[in-house]
Amino acid sequence: GGGPAGQKGALTAATLRKKVAVVERKWSGPGPSAQAGTISSRLLREAVLSLRARRLFQGNDSTQQRIEMPDLAARVPAIVNSHAAILKSQLAGTDVETLAGEARFLDPRTVEIQTDKGPTRVIAEKFLVAVGTRPAASQHVVIDGERVFNSDQLLSMRRIPRHLIIVGAGLIGIEYASMLVLLDAKITLVDERPALLAFVDRQIVDALVSHLTQLGVSFRLGVKVVECKSNAAKDRVTVRLSNGEVLEAESLLEVAGRQANRDTLNLASLGVCMREDGKIEVNDEFQTAVPSIYAAGDAIGFPIEGLYYASISMEQARLAVSNMYGFPAESRPEVFPYAIYAIPEIAMVGETEQTLQEGKVDYQTGIARYEELVQAQISDEQGFLKLLFDTDSLKLLGIHIMGARAAEVIHIGQAV
């Protein structure tokens, strides 16, 4: 895999003066690490923020007040290919060989790569499985690319829907809901879990839900989609929920989960163990049950299930390669920062009030609100900074931010 984990794993091995090759089926065309879904969402987010700023200072009647999906989609290939070229240059600069094709293991030390010129075999002492993910298939929601879309197809919508049902209120669902509601779309978020973002501090979640509700997002939690019908004649989507409620909208976006692209690797026949959720099972050194094969990134999952972070994938790959070559390195997920690129942005590191209460830790809370700052009033930003600290020692235990540039500021707290 040539995504974030594969790239950083390769560069780490090259730094250790190993002979390295990266196999990626997308070296040509939309590049490896294309992360088309991620790039699409970030592109939409920047467009929405830009539009919001223009509306703030120019009013709603100013010119060029529309965002067109085809215009955004047209920019994605150039961004993807430019990024891929940079990454290939970095790999070439450290003498890492790039191989185009789809790989499958023949034995613990051999992979066969299907290339445009036919199959070829590569033998190595060690392997790092760092494949990416794709949208998980749903039993009740059939993706048609016309009115029903998955998380990688957002920009293929012909227009911003007037009413959109988003199935899945996790990281991706929340991000898209917060963006599209600012484009005057009516959003209904559906999720089978009874509570949103269980890993996030409850005060942050409550503030986010209140904010989105005021903007026009409605929530249907603790229910499943049991039927989804797309009507071409009416250009509508009808959804029936497990509680009997029927929803109707112009479009539906299915973002309820993703699955690793490990199907064709032939790992099971070698004895690589899989977890119940389909992820590859590894030990603390990121080594699988087969000693020569390690894994990192989307293929093994993250400390908080349901999150897909390139930064954590990179860290896992660095640690995996260090361990495979005799340089012991441990993962410290307790100090990993997390970000949700919603509008407003959310970032956190360390403990939440929930975890501290469960651990019966005596703590205090400090809060500073964006609205109290002149700069925030000028830019019409809302949010707050929340610090959790030990009552006796004053040691900082957790940092939580909701507001502009939260994902950048959180690293200051991480260092502390």
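The legends below describe close-up views of a predicted model.

**View 1. Helix α1 packed against helix α3.** Helix α1 (residues 4-15) and helix α3 (residues 69-93) have axes that come within 10 Å and cross at roughly 20°, and the two helices are therefore roughly parallel to each other, since angles under 35 degrees are counted in that class. The crossing in which α1 passes α3 is left-handed. On the α1 side the contact is made by Q7, K8, A10 and L11, which meet L87, Q90 and L91 of α3; by residue class, this contact divides into four nonpolar, two polar and one charged.

**View 2. The salt bridge between D191 and R193.** The side chains of D191 and R193 meet in a salt bridge with an N to O distance of 2.8 Å. D191 counts as buried at 7% relative accessibility, whereas R193, at 44%, counts as partly exposed.

View 3. E227, which is partly exposed at 29% relative accessibility, forms a salt bridge with K229 in which the closest N and O atoms are 3.7 Å apart, and K229 itself is exposed, with a relative accessible area of 51%. The side chain of E227 also meets that of R240 in a salt bridge (3.2 Å, N to O). Because R240 lies in strand β13 (residues 236-241) and E227 in strand β12 (residues 225-231), this pair ties together parts that are 13 residues apart in sequence. R240 counts as partly exposed, at 36% relative accessibility.

View 4. For the model, the count comes to 22 salt bridges.

Definitions and conventions
Residues are numbered from 1 along each chain as its sequence is written. This is a predicted model: local features need pLDDT of at least 70, side-chain atom pairs count only at pLDDT 80 or more; totals for chains, interfaces and linings use all residues. Side-chain values use heavy atoms; hydrogens and water are left out. Axes are lines fitted to C-alpha atoms, for helices over the stretch in contact, and angles run from 0 to 180 degrees between N-to-C directions. Helices (H or I, at least four residues) and strands (E, at least two) are DSSP runs, numbered from the N terminus. Angles under 35 degrees count as roughly parallel, over 145 as roughly antiparallel, 65 to 115 as roughly perpendicular and the rest as oblique. A crossing is left-handed if the near helix is turned anticlockwise from the far one by less than a right angle, and right-handed if clockwise. Contact means heavy atoms within 4.5 Å. Ala, Val, Leu, Ile, Met, Phe, Trp, Tyr, Cys and Pro count as nonpolar, Asp, Glu, Lys and Arg as charged, and the others, Gly among them, as polar. A salt bridge is a side-chain nitrogen of Lys or Arg within 4 Å of a carboxyl oxygen of Asp or Glu. Buried means under 20% relative accessible area, exposed over 50%, partly exposed in between (1.4 Å probe, protein chains only).
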